[in-house]
Amino acid sequence: MNLVTTLRIAVIAGAALLVELLCRLNVITPFTMTSPSNTFVNLVHLLASGKPWPDLTFTLVNTLAAILVSVVVGFVLGVLIQRIPRLRRVVSPLLAAYYAVPTFVFYPLMIVLLGLNRLSLIAIGVTLGLIGMIVSTIDGMDRIPRVFLKTAATYRMSPVARTFLVALPAATPHLITGIKLAVTYSITGVIAGEFILSVAGLGRGIAVAYNDLDNKTMYALLALLLTSVTVVNVGIHEWERRVYARWGLR
Amino acid sequence: MIQAPPAAPALTVHLNEHVYDKGGRPVHALGEIDIALAPGEFFSVIGPSGCGKSTLLEIAGGLQKATSGTVTFEGKPVAGEVPDGVGIVFQEDASFPWLTVRNNIAFGLRRHGIDAAEIEKRVDYALDFMRLGDFADHHPPQLSGGMRQRVCIARTLVLRPRLILLDEPFAALDQQTRLMMGEELLRLWRSTNATVLLITHGLDEAAMLSDRIGVMSARPGHFVETLVTGWPRDRDSRVVSEPHFGELTAAMWTHLRAESMRSAPDASGATADA
């Protein structure tokens with residue numbers, strides 16, 4: 001473990017210790033927040049009870065579906081937009097302005113169109129995650145060294161083979177950025193959707209606990225959510241680090 | 001017209017001109033070109049920067065279509081794609097960073113549907129021939145520039161091309177490595193009996209490696225002189241100490257200097273004399 005990683009962990013641990021101390025000194029009251037140690041104990045009990053598993057599974061399936069659709073559809077659309085100059089000229093300003101629009105306001109519309117079910121949650125996740133993947137794919141395809149495509153031409157590769165065996169791997173560092181964005185935004189979209197209005201899910205569990213003033217459950221579920229998202233992000237970061245190291249980019 | 005060698009040519013390039021569009025403005029890249037390379041010949045092309053050398057190579061290899069003219073490889077017209085039996089090595093590093101050295105070298109073979117045992121045999125031979133055996137499982141970014149270029153040459157070598165087109169393959173390397181890579185290239189050329197068309201900026205490289213050297217004019221590029229080196233086939237970098245080596249480079253420089261000055265009429269005296 002290098003010094004930067006050690007310091008990073010020390011900062012997180014220090015913040016947790018500070019909150020623990022403030023809770024124990026009653027500066028932060030139990031009505032406001034449970035201490036980190038109590039949150040951990042509550043989480044263990046909650047998991048052992050089996051209660052959060054259906055919600056966790058519901059959220060996990062929705063999030064994975066949203067990520068998958070965002071990544072696959074985003075990649076295909078990104079390739080098409082990059083390959084068709086006229087289409088690119090039409091949609092580029094829209095893509096650039098997309099994240100300036102609070103797209104989450106369309107969630108009620110999703111419910112009207114798709115119903116109060118997982119489809120509307122997946123849809124809002126995709127709405128948020130798709131564009132980052134499209135933009136990163138276009139960027140990645142733009143930056144493929146021309147010599148790689150000329151090399152592909154020397155092997156008389158078909159357009160499909162060229163895309164999947166040369167262009168796709170050559171654009172990998174940029175695609176990872178797109179996947180990171182798709183994952184982050186899809187998780188945000190699904191959880192936020194569940195939090196506002198849903199039949200199940202981790203976000204709904206947190207919202208219900210919040211409305212019931214059930215701090216023990218709410219903070220335990222928040223801890224579970226944060227831990228899960230952190231594990232996913234650390235995994236992607238590690239994948240990115242390995243790819244970049246292999247490419248000699250870092 | 002450059003006199004054709006006596007044997008039936010492996011490659012012929014007969015162009016009237018080649019023009020491309022640059023921002024709505026036509027650029028005359030190449031003028032009249034008429035060359036014929038004999039089977040097994042090592043032909044180098046030198047010329048001032050921007051004279052169309054690389055364009056000529058891409059047209060010869062089928063990567064670009066000439067505006068007007070014909071290209072044949074082994075008597076068949078080169079039309080729209082790189083013909084079977086032609087290998088191209090580019091100036092830029094074209095090794096794929098996501099593949100190991102071994103998989104880079106095997107890449108083209110796998111596209112040609114060759115069976116796994118034969119691929120392994122050819123790749124092992126190429127690794128050994130290009131002295132890359134200890135680095136077979138490395139990825140290109142872990143290698144030096146010279147080694148990465150050897151990977152690209154090995155990737156071409158395993159396909160057993162009958163015509164090898166090289167576009168300034170050693171341009172990014174230091175002088176010492178270039179000389180050593182030149183020897184590797186000669187070794188490769190002798191062992192494969194392939195015809196070689198080398199584009200280079202290096203007068204010494206052209207003088208050391210070639211059977212014939214075509215000197216190109218400034219744009220629109222055409223051949224102003226062809227020099228026959230007269231070196232034996234089993235030559236190596238020691239020819240640089242021969243008096244004839246100096247005569248060849250001097251002859252090339254005489255033409256190149258005139259063409260370079262012609263292509264840069266506003267250049268200062270210092271540039272012209274450089």
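Helices here are DSSP runs of H or I with at least four residues, strands are E runs of at least two, and both are numbered from the N terminus. For a helix, I take the expected span as 1.5 Å times one less than its number of residues.

**Ground rules.** I'm working on a predicted model, where local features need pLDDT of at least 70, side-chain atom pairs count only at pLDDT 80 or more, and totals for chains, interfaces and linings use all residues. Residues are numbered from 1 along each chain as its sequence is written, while chains are lettered from A and ligands numbered from 1 in the order in which they are written.

**Chain A, overall.** I looked up the make-up of chain A and found eleven helices and zero strands. Its C-alpha trace spans about 70 × 50 × 30 Å along the principal axes. Next I checked burial, calling a residue buried if 20 or more other C-beta atoms lie within 10 Å of its own, exposed if 12 or fewer, and partly exposed in between, with C-beta atoms placed from the backbone. Of the 250 residues in chain A, 31% are buried.

**Chain A, domains.** The bounds come from an automatic or database domain assignment. That gives me domain 1 at 1–33 and domain 2 at 40–247 in chain A. Taken over C-alpha atoms, the centres of these two domains of chain A are 29 Å apart.

**Helix α6 of chain A.** I picked out α6(A), residues 118–142, which has 25 residues. From first C-alpha to last it reaches 36 Å, close to the 36 Å expected at 1.5 Å a residue. There is still a kink of about 30° in α6(A), centred on Gly129(A); the bend at a residue is the angle between axes fitted to the seven residues ending there and the seven starting there. I also noted that α6(A) is mostly covered, with 22 of its 25 residues buried.

**The sheet in chain B.** I moved on to chain B and traced an open sheet of six strands, in the order β7-β8-β9-β4-β10-β11, with mixed pairing. Two strands count as paired if DSSP finds at least two bridges between them. At the edges stand β7 (86–89) and β11 (223–228) of chain B, each with a single partner strand, so one side of each has no neighbour in the sheet. The twist averages 15° from one strand to the next; axes are lines fitted to C-alpha atoms, for helices over the stretch in contact, and angles run from 0 to 180 degrees between N-to-C directions.

**Walking across from β7.** β7(B) pairs with β8(B) in the parallel sense over four bridges, and I see Ile88(B) opposite Leu165(B) in β8(B). Five bridges then join β8(B), residues 163–167, to β9(B), again running parallel. Within β9(B), Val196(B) is the bridge partner of Ile164(B), and Leu198(B) is that of Leu166(B). β9(B), residues 195–199, also pairs with β4(B), residues 42–46, in the parallel sense over four bridges. Here Phe43(B) stands opposite Leu197(B), and Ser44(B) opposite Leu198(B).

**Faces of β8 and β9.** In β8(B), Leu163(B), Leu165(B) and Asp167(B) lie on one side, Ile164(B) and Leu166(B) on the other, and all are buried. In β9(B), Thr195(B), Leu197(B) and Ile199(B) point one way, Val196(B) and Leu198(B) the other way, and all are buried.

**Last check.** I followed β8(B) through helix α5 (residues 175–192) of chain B to β9(B), and they make a right-handed β-α-β unit. Right-handed means that, with the strands pointing away from the viewer, the path from the first strand over the helix to the second runs clockwise.
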